[in-house]
Amino acid sequence: MVNNAITTVETNLMEGALIVIFVLVLFLGNLRAGLIVASVIPLSMLFAVIMMNLFGVSGNLMSLGALDFGLIVDGAVIIVEAVMHRLSISKKYAGVTKLGKEQMDGEVAYSAGKMMNSAVFGQLIILVVYLPIFTLQGIEGKMFKPMAQTVAFALAGAFILSLTYIPMMSALLLSRKLQHKKNISDRLMERLEKIFRSALEKVIRFPRMALSVVLGFFAVALSVLSTLGGEFIPALEEGDFAVETRLLTGSSISASLDNAAKAAGILKSRFPEVEKVVTKIGSGEVPTDPMPMEAADLMVILKDKKQWTSAATFNDLAEKMGDALSEIPGVTYSFQYPVQMRFNELMTGAKQDVVCKIFGEDLDTLARYASRLGAVISAIEGARDLYIETVTGIPQIVISYKRANMAQYGVSVGAVNDVVNTAFAGRNCGTVFEGERRFDLVLRLDSAGRKDLRNVMN
């Protein structure tokens with residue numbers, strides 16, 4: 001999962017940089033100009049990384065993945081394009097084929113100074129957009145503040161570079177040879193400008209119709225937006241599934257083992273995407289994650305997504321697996337990602353994405369309200385894998401003593417309780433030593449002699 005996240009960040013940054021460089025060279029029509037502007041990307045990233053280190057901001061999928069290189073090079077594009085435009089259309093150099101160094105410095109200084117306000121204002125507008133994110137608190141602040149800080153650092157670096165580095169590099173590296181012929185970029189921009197001008201003239205003739213169309217699109221957009229779903233933080237595809245399994249409260253470990261084996265068998269036999277299934281039941285020797293015997297976590301290790309045949313996405317695969325596991329009666333399943341499930345449990349005490357807790361002193365009342373709330377939630381579209389935690393109704397055996405018969409044989413109630421307790425629950429009757437380790441010796445009936453109610457009656 002960590003390698004996938006790092007690869008995603010590397011791929012996004014590399015592809016974004018290459019696309020920006022290609023577009024710059026294509027539309028500026030000058031390889032040197034495109035490379036000068038593109039050089040702002042690694043330098044602003046270096047500035048951002050230095051500031052992240054100083055302020056303790058981590059580099060992660062959320063922070064680094066939000067960088068937009070198009071925004072970063074915006075100021076540099078304005079200045080370099082202004083310099084090139086000045087050199088190509090200036091009547092002062094109509095018959096000149098090459099500029100001197102002082103002339104080049106003067107033209108760059110004039111063009112950069114003229115466009116500096118536009119470059120600064122454009123980047124300030126982008127920074128203002130991210131200011132509300134800095135006011136977020138709690139979990140949302142921890143999640144989204146690093147993103148806003150990283151973007152702000154990168155924009156600040158690009159801002160400084162646009163004021164100092166870009167004019168200097170333009171004066172040094174841009175060719176002082178003036179070409180008065182149109183290149184491919186000029187012809188491309190002329191064609192685009194001609195198409196735009198033609199469309200603009202047609203729209204201006206019918207202002208009311210244009211305004212109506214715009215308002216219509218805006219209304220459609222609002223309608224679509226109101227029907228879209230939303231989520232606080234998109235789930236990171238970790239590559240595997242963690243399936244929380246719940247049996248009836250009070251179920252034995254043997255029942256949990258049988259159901260886990262059945263579930264693993266179904267997943268392995270019906271879904272070729274599954275590589276292996278590992279089940280964890282109960283609590284470990286160090287009880288960092290205490291769980292009852294009726295609860296189990298199935299870690300479904302999946303093959304690479306390119307090898308999938310049953311489904312194209314994780315959600316579709318989870319839905320199909322859930323339908324297949326529903327054939328096992330009396331068991332509830334909840335599909336999540338392993339790390340996401342642990343974080344949910346750490347933050348809320350429950351493994352589900354959305355949790356509703358009801359507090360009170362009377363267990364029967366809590367159970368009644370939980371059932372009513374579950375009925376309401378299950379009727380909501382999009383709700384799935386609903387689990388209501390059981391707080392009452394734990395199965396138990398109630399023994400009624402035939403006191404007349406016990407008195408006839410001279411057996412006391414305490415003696416019968418001791419026998420039943422020893423046979424079914426077990427009793428400590430000694431200690432076993434293995435070197436420096438010692439274990440309690442517990443006496444109880446064999447599992448075959450304590451399966452059901454008839455064993456108590458006999």
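A residue is called buried when its relative accessible area is under 20%, exposed when that area is over 50%, and partly exposed in between, with a 1.4 Å probe and only protein chains considered. By this criterion S44, which is found in helix α3, is buried, because its relative accessible area is 0%. The structure is a predicted model, in which local features need pLDDT of at least 70 and side-chain atom pairs count only at pLDDT 80 or more, whereas totals for chains, interfaces and linings use all residues. Residues are numbered from 1 along each chain as its sequence is written, and side-chain values use heavy atoms, with hydrogens and water left out.

The protein contains 18 helices and six strands, where helices (H or I, at least four residues) and strands (E, at least two) are DSSP runs numbered from the N terminus. Its radius of gyration, taken over C-alpha atoms, is 35 Å, well over the 23 Å that the globule rule (2.2 Å times the number of residues to the power 0.38) gives for 458 residues, so the protein is more spread out than a compact globule. Along the principal axes, the C-alpha trace spans about 130 × 65 × 45 Å. Of the 458 residues, 30% are buried. The accessible surface, computed by the Shrake-Rupley method with a 1.4 Å probe, comes to about 30,100 Å², and 61% of this surface belongs to carbon and sulfur atoms.

A nonpolar core is a set of buried Ala, Val, Leu, Ile, Met, Phe, Trp, Tyr and Cys residues joined through side-chain atoms within 4.5 Å. The largest such core has 53 residues, and those with the most contacts inside it are L24, V37, V40, F69, V80, I166 and L174. At least two residues of this core are supplied by each of several helices, including α1 (2-28), α3 (40-55), α7 (101-130) and α8 (138-163). Helix α8 gives the largest share, nine residues. Another core, of 27 residues, lies apart from this one and has L247, L267, L298 and A318 among its members.

Contact is taken to mean heavy atoms within 4.5 Å. When neighbours within four places in sequence are left aside, L174 is in contact with N30, R32, A33, I36, V83, M84, M104 and M169. Among contacts between residues at least 6 apart in sequence, 66% join residues at least 24 apart.

Two loop residues were also examined. V57, in the loop between α3 and α4 (61-64), is buried, with a relative accessible area of 11%, and its contacts beyond four places in sequence are with M52, P146, Q149, T150 and F153. F271 is placed in the loop between α12 (253-270) and β2 (274-281) and counts as buried because its relative accessibility is 6%. With neighbours within four places in sequence again set aside, F271 is in contact with I266, S310, L317, K320, M321 and A324.

In helix α4, by contrast, L61 is partly exposed, with a relative accessible area of 32%. Not counting residues up to four places away in sequence, L61 touches A5, T8, V9 and L236. The C-alpha atoms of L61 and N3 are separated by 11 Å, although these residues are 58 residues apart along the chain.
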